[in-house]
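Hi,

Here is the structure I said I would pass on. Have a look at it first, and my notes follow below.

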Amino acid sequence: MKVTFLGTGTSQGIPVIGSTHPVCLSTNPKDKRLRVSVLIEWHDYTYVIDCGPDFRQQMLRANCNRIDGILFTHEHADHTAGLDDIRPYFFRQGDIPIYAHKRVLGELERRFDYIFETENKYPGAPSVQKNIITNEPFDVGGISVIPISGMHYNLQVFGFRFHNFAYLTDMKTIAEEEMEKLKNLDVLVINALRESEHPSHLNLEQALDIINILKPKRAYLTHISHLLGFHDDVQQKLPENVFLAYDTLNITI
Ligand SMILES: [Zn+2]
Ligand SMILES: [Zn+2]
């Protein structure tokens, strides 16, 4: 299984528009972060998790010509606003499968009503094939995916486990029984916004605490704010099996 980090930045991306913060002015490519998303490939299957406002740019950069589906963690715009840009895939492949909580599908139907229209649909609009996720394993591409439910302030969000790889973003708290689903991982990806406390995101210390409890072989941090600091400085301070993810990084599991 191959995982490519399409984006590793928090909701505004890095650089933040108009910001003169040193991290936003950095010339290191690892300090440029599009909105969070990953591409996951195995055998001939290709899935993405989330479809934010940078989706088009990310798929061009990854040279990804085909997708088998999109899994959504939650409905926030930094994870969903790029849905219209599935059009090239739709034109070539037909309806694109999407997987999301019923509440998230409802939000997508409201925001992108023309995509879900069934009567008098505009000819250029894309179409999707809806799949409702509950907190039960579901199959994609011959793999059983285990949803991990967590809380993002007061909003429920899903993370996903594929074999020994798990991807969690926009989590603040994870219940004990959900943590049980994250044992014996080769790779854990987890959100770590910045050093100071935040109401809806794990900060660095809280993410490291969870990594310490779960003890995956390797962990990668994502959904990063410019306030966390320069990539190379932060990386030096991390434990030896923990890495700050950066855009275009790809790992094999
Ligand atoms: Zn987010
Ligand atoms: Zn969010």
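The zinc ion (ligand 1) and the zinc ion (ligand 2) sit 3.4 Å apart, with Asp170 coordinating both. Keep in mind while you look around that this is a predicted model.

Asp170 belongs to the loop between β10 (165-167) and α7 (176-179), while His223 belongs to the loop between β12 (218-222) and α9 (231-237), so this pair ties together parts that are 53 residues apart in sequence. Both Asp170 and His223 are buried.

Now to each site in turn.

The zinc ion (ligand 2) has His74 (NE2), His76 (ND1), His152 (NE2) and Asp170 (OD) coordinating it, at 2.2 to 2.3 Å. Along the chain, the donors of the zinc ion (ligand 2) are spaced H-x1-H-x75-H-x17-D. This site is irregular too: the angles among the four donor atoms of the zinc ion (ligand 2) run from 90 to 173°.

So which of these histidines are buried and which partly exposed? I looked at two of the donors of the zinc ion (ligand 2), His74 and His76. His74 has 0% relative accessibility and therefore counts as buried, since the cut-off for that is under 20%. His76, in contrast, has 31% relative accessibility, which puts His76 in the partly exposed class.

The largest pocket holds about 210 Å³ of space. It is lined by 13 residues, and the closest to its centre are Arg56, Met59, Leu60, Pro88 and Tyr89. Two helices, α2 (55-61) and α4 (87-93), are the elements that give two or more residues to this lining. By residue class, the lining of the largest pocket has six nonpolar, two polar and five charged residues.

Cheers

Technical notes. Residues numbered from 1 in each chain as written. Chains lettered and ligands numbered in written order. Predicted model: local features only at pLDDT ≥ 70, side-chain atom pairs only at ≥ 80, totals over all residues. Heavy atoms only, no water. Donors = N, O, S within 2.8 Å, 3.2 Å for Na, K, Ca; no water. Helix = DSSP H or I, 4+ residues; strand = E, 2+ residues; numbered from the N terminus. Buried < 20%, exposed > 50% of the residue type's maximum accessible area, 1.4 Å probe, protein only. Tetrahedral: all angles 85-135°; square planar, octahedral: opposite > 155°, others 65-115°. 1 Å grid on protein atoms, 1.4 Å probe; cavity = no way out; pocket = protein on both sides within 12 Å on 5 of 7 lines; lining within 4 Å. Points joined across faces, edges and corners; volume = space filled by probe spheres on them. Nonpolar A, V, L, I, M, F, W, Y, C, P; charged D, E, K, R; others polar.
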